[in-house]
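Student: I am new to this structure. Could we go through it together?
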Amino acid sequence: MIHDDGRLVRSESLSFPLPSVVRLLYYVTHRRKKVALTKKNVLLRDDYRCAYCLSRGAGEMTVDHVIPRSRGGRSTWENLVTSCGPCNSRKRDRTPDEARMPLAKRPREPRFIPWIVVRRNTMPGEWIKYLTLYSVGIEERVR
């Protein structure tokens with residue numbers, strides 16, 4: 001145990017500190033978890049930046065199918081991108097080539113679960129000093 005926040009696990013006769021940060025002596029491998037395909041996670045992956053015009057916004061951004069659903073496009077990480085309202089309206093139910101709106105970068109599935117945890121700001125505060133490397137935050141390392 002490296003850090004505890006003062007909470008205890010108690011039995012009838014014993015009490016132990018409840019760790020909030022532990023150091024592993026060896027790593028047990030397991031299958032990599034997948035990042036859930038949600039609108040929020042697509043917006044986070046694309047950093048709230050339009051895939052067509054690269055404008056940035058939070059509330060007015062939408063999720064667009066690169067290959068439209070009307071043409072058999074599926075809801076997958078590789079077919080969904082963040083789009084601003086004007087670009088989404090301009091593209092309509094066409095492909096980027098037909099609309100003459102090239103993608104700034106090819107969409108792909110995020111690889112790391114910690115990326116979403118950090119981007120959603122859901123990690124406990126005491127973890128931050130253990131997740132930095134040479135004064136570079138984890139957000140810079142996973143981009």
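Student: Is Arg-111 buried or exposed?
Tutor: Arg-111 is exposed, with a relative accessible area of 56%; buried means under 20%, exposed over 50% and partly exposed in between, using a 1.4 Å probe and protein chains only. This is a predicted model, in which local features need pLDDT of at least 70, side-chain atom pairs count only at pLDDT 80 or more, and totals for chains, interfaces and linings use all residues. Residues are numbered from 1 along each chain as its sequence is written, and side-chain values use heavy atoms, with hydrogens and water left out.
Student: Where does Arg-111 lie?
Tutor: Arg-111 lies in the loop between α2 (85-91) and α3 (113-119). Helices (H or I, at least four residues) and strands (E, at least two) are DSSP runs, numbered from the N terminus.
Student: What pattern does the protein follow along the sequence?
Tutor: The pattern is β-β-α-β-β-α-α-α, with 4 helices and 4 strands.
Student: Changing topic, is Tyr-27 buried or exposed?
Tutor: Tyr-27 counts as exposed, at 56% relative accessibility. Tyr-27 is placed in the loop between β2 (15-21) and α1 (39-45).
Student: And how much of the protein is buried?
Tutor: Of its 143 residues, 29% count as buried.
Student: What about contacts between residues at least 6 apart in sequence?
Tutor: Of those contacts, 52% join residues at least 24 apart. Contact here means heavy atoms within 4.5 Å.
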